[in-house]
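Subject: Structure handover

Hello,

Here is the structure I promised to pass on. Please open it next to this email; my notes follow below.

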Amino acid sequence: MVSPFLFFADERLSLAELTAACLDGILVPLGEGFMPADAAETPWMRGRSLAPLLGDRWGAVRASAAWVHGAVSAEPARHHLQRVSPTRQRALSDGRTVYHDVRLPLGDTVVVGGVPVSTPARTLVDLARADSAKEHRIAWQWAVDDRRTRRAAAVWLERHPRFPYGRRAAELLSAVDAGRTVGPEGLRTT
């Protein structure tokens, strides 16, 4: 589907033409495409911009999903994709993507801009249970800023008590609930 606000290479214009429009200040890069420089960057636009990466087989997860949902403003350098199709897929790795072959349950996905994305609650849990300091910082800040998503993530964890590294995620959410002002790696939240 051609969007009036998103441009992908070879859909209407070549990559060279799109890049030239960026140099002229008419377009800016967004995900796998380009958008008008004066357009509002919305969750729909962010999700739709990942359509060439995701297709109908993959969903955006972790920091990529947090970016789509608007929890972080900067697009991740590497997008995390998780399988949503019932059959295993061969992932062609490149430096821009990280593939996770465990199937993301349909109950943990929403469609944003026509592509599957993990729900905000599941995304926050995945970031909070990760062993990456960067993902922990994203989870901490999101949990501090968005009480509704923090509560939904806590409820999600209660419904999935045996989820791998769920205790790590629950501890982060509890620390935010307790009002601690120092998050992972000494990150100040006040």
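Contact means heavy atoms within 4.5 Å. Helices (H or I, at least four residues) and strands (E, at least two) are DSSP runs, numbered from the N terminus. This is a predicted model, where local features need pLDDT of at least 70, side-chain atom pairs count only at pLDDT 80 or more, and totals for chains, interfaces and linings use all residues. Residues are numbered from 1 along each chain as its sequence is written, and side-chain values use heavy atoms, with hydrogens and water left out.

Start with α8. Its buried residues (under 20% relative accessible area, 1.4 Å probe, protein chains only) are G166, A169, L172, L173, A175 and V176. Their cover includes α5, α6 and α7. Just after α8, G179 has a positive phi of about 80°.

Next, the nonpolar core (buried Ala, Val, Leu, Ile, Met, Phe, Trp, Tyr and Cys residues joined through side-chain atoms within 4.5 Å). The largest one has 41 residues. L50, L54, V117, L124, V125, L172 and L173 have the most contacts inside it. Elements giving it two or more residues include α3, β3, β7 and α8. Another core, of five residues, lies apart from it, with F7, L18, A21 and L27 among them.

L54 also deserves a look. Leaving aside neighbours within four places in sequence, L54 touches G59, A60, L81, V115 and P116.

Finally, W156 is buried, at 2% relative accessible area. F163 is buried too, at 18%.

Best wishes

Notes
Buried means under 20% relative accessible area, exposed over 50%, partly exposed in between (1.4 Å probe, protein chains only).
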